[in-house]
Amino acid sequence: MAVSRFTHATFRMLSGLMIWAAHFLGIYIFTALACARRFAEASWLGIGVVPWVIGTATLAAAAATLVVIGLAVRDTRFSTSRNNTSSFVPWMTAAFGGLALVAILWEALPVLLVPTCE
Amino acid sequence: MKALPNSLPRPEDELATLERVWRPPSGWSSITVVNNTYIGVLYVGAAFLFFLLAGVLALMMRSQLAVPGNDLLSQDLYNQIFTMHGTVMMFLFAVPAVEALGVLLLPNMLAARDLPFPRLSAYAFWAYFVGGLVFFGSLFFDLAPKGGWFMYPPLTSYEYSPGYNADFWLLGIGFIEISAIAGAVEIVVGILRTRAPGMSLSKMPIYCWAMLVFGAMIIFAFPAIILATALLELERAFQWPFFIADKGGDPLLWQHLFWFFGHPEVYIIFLPAAGMVSMIVPTMTGARLIGYRLVVLGLVGTGFLSFALWVHHMFATGMPRLSMSFFSAVSMAVAIPSGIQVFAWIATIAAGRLRFTVPALFVLGFLFIFVLGGLTGVMVAVVPFDWQVHDSYFIVAHLHYVLFGGMVFPLFAAFYYWVPYVSKKQLSERLGRWVFGLMFVGFNVAFFPMHITGLLGMPRRVYTYPAGLGWDELNLTSTIGAFVIAAGVVVFLIDLARNFRPTGGKNIGNIWNAGTLEWLPNGTYSVRSIPIVTSREPIWDQPNLAEDVEAGRYYLPGAPTGGRETIVTSPIDARPQYVVQMPGPSWPTVLAAFGTAAFFLLLTVKLVVPALVFGVFTVAMVVVWLWTTDPGPSHPPVEIGGGIKLPVYLTGPISHSWWAVVVLILVAAALFASLVFSYFFLWMVSPEVWPASEDKLPAPGHPLVAALLLVASSTTIAYAGRALKASRTQGHWSVRIALLLALPLLVAALGIDLYSQWQTGLTPIESSYGAVVYTVIALQGFFVATVAMMGLYTFARSICGLLNAERRATFDNTMLLWHYTVVQGLMGLAVVHLSPRLLG
């Protein structure tokens with residue numbers, strides 16, 4: 001059915017950016033809660049709870065985005081025509097994934113440089 | 001050569017029928033016109049009128065600031081003027097202008113006869129135009145808002161802003177929000193479902209991509225400002241303390257909600273302008289746009305990332321540095337997709353041979369100014385730098401470089417580029433060069449010095465300043481520049497008066513040798529026949545396209561149903577699916593628009609009873625307007641050419657009306673998500689006003705019963721849907737009984753929830769907790785009232801014999817929103833009853 005095909009293509013194309021959105025909201029909300037409710041001081045192995053959570057979330061989001069990109073790149077190889085929708089969707093999926101990956105890594109970087117709740 | 005879908009000669013009366021069907025109304029009825037060619041021009045004209053009005057306000061401000069210690073304007077009037085300048089430019093000019101151009105250009109660019117909901121476009125235009133004029137008129141009665149275009153509380157709440165001024169902003173722009181959302185529904189569904197056959201996503205003009213992103217951004221961004229204005233108005237009118245710190249509120253909640261709308265708003269304005277540039281550059285260079293897919297990446301990527309930038313307007317509010325750094329990082333990351341587009345335009349200019357026409361000059365001016373604005377944008381994305389220049393004239397310079405450079409220059413390029421598409425005469429190249437020169441020089445003379453004035457410490461929004469602070473000459477220079485811009489605009493008006501001759505029919509056409517479909521020969525009916533598209537620049541690549549389209553050799557060369565219609569195509573590959581019959585001119589649509597504007601404006605001045613009268617009048621007009629828009633399979637399938645026979649009516653997920661309701665549900669979901677965010681934000685900052693123990697909460701039985709009633713209501717509607725499908729007769733009483741039964745279940749669930757909160761002694765005025773809990777219930781109440789009206793309307797159509805197994809679009813629309821209301825109700829119960837128990 002046309003609608004389900006469209007929905008599938010849309011979610012697929014935007015999957016990298018949706019992973020980025022989930023990562024961004026996740027780390028922002030967790031940091032805000034940790035500072036507001038004062039549990040940011042908790043630590044494990046000398047590393048604070050906020051860096052732990054952001055680090056883990058970033059690795060998970062980056063890995064998921066890489067999977068999205070990898071699958072999309074594989075699919076683009078099967079298509080030859082540059083104007084063909086069948087190559088357009090995986091191409092855009094990989095491109096959005098690449099942008100999302102840069103944004104995910106870039107926004108997580110401050111945790112290495114900036115104090116958490118000051 | 002491959003045979004075209006229809007052969008020649010065409011039947012004699014075919015073209016005459018097409019022209020008769022699409023002929024605009026005349027005399028007094030002209031006001032009811034719905035065709036995009038007319039509404040689009042009126043819409044653009046109205047937006048430009050507000051640009052002129054807000055521009056006059058800018059000149060008044062610059063005159064006041066020309067010299068130190070000036071007393072031309074009083075402090076209070078100056079506050080009203082700068083507030084109205086920003087508000088009118090953003091809400092009444094910029095968003096409507098890009099939306100208006102979309103309404104005007106998209107149908108022809110997609111080779112559709114019109115967008116799928118022409119009356120909705122007309123409604124959006126008239127509500128905006130009438131309401132906007134009255135809103136602007138508040139300035140003449142000392143009633144204009146004066147809290148700045150972003151209206152921060154507590155300054156704008158009841159204590160510091162008594163009177164109607166702030167209400168004019170909060171309620172007065174309600175109709176603009178409705179108008180913008182109506183336009184977004186029209187544009188998104190139009191782009192996805194009425195493209196020419198063969199125009200797959202990968203062949204869609206970049207402008208259509210930009211407008212698709214624009215529509216999607218309105219869907220997710222505007223609900224935040226709708227909620228924010230509702231909360232502040234509730235605080236002002238009924239003392240519900242969302243933003244009052246003493247009662248557990250927080251003024252920062254407003255800033256979060258406002259900027260969650262406000263930053264994407266910048267891109268809502270910029271991306272369509274970028275789309276225009278991506279259309280103009282290839283035409284002016286004679287080369288295809290370099291990096292089509294990368295530009296799509298740039299548009300969609302910018303749209304997405306722009307939703308994570310809102311806190312960069314709040315760097316001075318004392319948030320944790322790490323939190324601010326996330327937003328700082330995304331503020332820099334968004335330069336990547338923006339930069340991709342800039343490099344694509346530069347590469348295209350380098351690849352071709354640029355003709356230095358007026359549109360090209362405005363595009364070059366845009367590139368220069370917007371890049372400078374982008375660079376200062378990266379500077380203010382750096383938190384410590386932002387602290388230094390926050391609320392200074394540096395920010396005024398930055399935002400004008402981005403908005404004027406990023407939107408106004410492309411808009412003028414678009415005026416000069418697309419006037420031949422709607423006019424019998426092109427604008428003057430000679431005058432156009434003067435317009436460009438004056439505006440470009442004037443802009444830089446006016447706004448570049450403001451960077452320095454800001455770095456020297458001059459704050460925004462001051463109505464005067466003492467001499468000797470080093471700001472005197474800079475301000476005078478800025479004022480001179482502002483008047484030079486105005487001179488450019490005056491020359492443009494002269495050019496319009498001398499040369500612009502709008503026509504719904506024959507225009508001067510493709511004078512630029514452009515490659516996209518809006519340049520095909522057209523009339524009030526758009527193109528004579530709807531072409532098959534095989535490339536991104538069909539006019540360049542498909543020989544004789546214009547002649548064959550004009551001769552009627554492509555699809556749907558006439559009006560086979562005897563009314564207005566267009567082809568609905570599949571959303572990815574644009575394969576023809578059915579022919580949609582579209583409604584024509586209608587008085588109720590225009591009256592509903594006037595009623596909407598009157599409702600909001602009367603509510604603003606607390607004339608509640610007259611406002612309610614107009615509210616009821618508006619609903620009645622909408623009912624009359626809609627009554628004829630679900631025609632059912634009233635016509636047998638029609639031949640469109642090439643042996644393709646299409647049905648003229650379809651229901652279910654393939655139908656364009658189903659898509660429109662899904663878009664509306666996304667708007668509703670975004671509104672609800674903003675409210676849930678507000679709930680948890682207030683919980684985070686003021687846990688002391690939340691119930692300390694479970695015995696302060698309603699007993700768990702109440703929400704459980706309410707949830708069961710909601711599920712029962714949805715189940716009943718689902719049953720009605722199946723019963724309707726199975727029914728072969730007009731008198732399907734099981735469907736009617738189910739509709740009537742589902743309604744009290746929904747109302748009862750709402751009543752139980754309201755009662756359960758009230759009997760605990762909770763009131764909405766004592767704390768932010770009470771206020772937000774009752775707002776969750778009130779929002780649910782709004783949706784219950786809406787689906788109740790839709791349910792009764794569906795019931796009435798059933799009684800009148802207008803509902804059956806095939807003719808069921810009205811029922812489907814009601815069913816979709818009904819299920820959404822139930823899901824929202826269940827989530828509201830979980831937030832209000834479950835979260836305090838789980839989170840403590």
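Here are some friendly notes on how the two chains of this predicted model are built and how they meet.

1. **Before you start.** Residues are numbered from 1 along each chain as its sequence is written, while chains are lettered from A and ligands numbered from 1 in the order in which they are written. Because the model is predicted, local features need pLDDT of at least 70 and side-chain atom pairs count only at pLDDT 80 or more, whereas totals for chains, interfaces and linings use all residues.

2. **Chain B overall.** Chain B holds 25 helices and six strands; helices (H or I, at least four residues) and strands (E, at least two) are DSSP runs, numbered from the N terminus. Along the principal axes, its C-alpha atoms fill a box of roughly 80 × 75 × 50 Å.

3. **Where the chains meet.** On chain A, 36 residues are in contact with 31 residues of chain B; contact means that the C-beta atoms of two residues, placed from the backbone, lie within 7 Å. On the chain A side, α1 (2-13), α2 (15-36) and α4 (85-108) each supply at least two residues, and α4(A) gives the largest share, 11 residues. This side of chain A divides into 28 nonpolar, five polar and three charged residues. Here Ala, Val, Leu, Ile, Met, Phe, Trp, Tyr, Cys and Pro count as nonpolar, Asp, Glu, Lys and Arg as charged, and the others, Gly among them, as polar.

4. **Two domains in chain B.** Chain B is divided into domain 1 (35-499) and domain 2 (679-839), with bounds from an automatic or database domain assignment. Their centres, taken over C-alpha atoms, are 38 Å apart. In the contact between them, 12 residues of domain 1 of chain B meet 13 residues of domain 2 of chain B. The elements giving two or more residues to the domain 1 side are α7 (206-238) and α8 (251-285) of chain B. That side has six nonpolar, four polar and two charged residues.

5. **The pair α23(B) and α24(B).** The axes of helix α23 (residues 733-758) and helix α24 (residues 768-799) of chain B come within 10 Å and cross at roughly 165°. Axes are lines fitted to C-alpha atoms, for helices over the stretch in contact, and angles run from 0 to 180 degrees between N-to-C directions. The two helices are therefore roughly antiparallel; angles under 35 degrees count as roughly parallel, over 145 as roughly antiparallel, 65 to 115 as roughly perpendicular and the rest as oblique. Their crossing is left-handed, meaning that the near helix is turned anticlockwise from the far one by less than a right angle. The contact of α23(B) with α24(B) divides into 15 nonpolar, six polar and two charged residues.

6. **The pair α8(B) and α14(B).** Helix α14 (residues 393-422) of chain B packs against α8(B) at an angle of about 40°, with the axes 9 Å apart. That makes α8(B) oblique to α14(B), and the crossing is left-handed. Residues in this contact include B:Phe270 and B:Met276 of α8(B) and B:Met407 and B:Tyr417 of α14(B). By class, the contact of α8(B) with α14(B) has 15 nonpolar, one polar and no charged residues.
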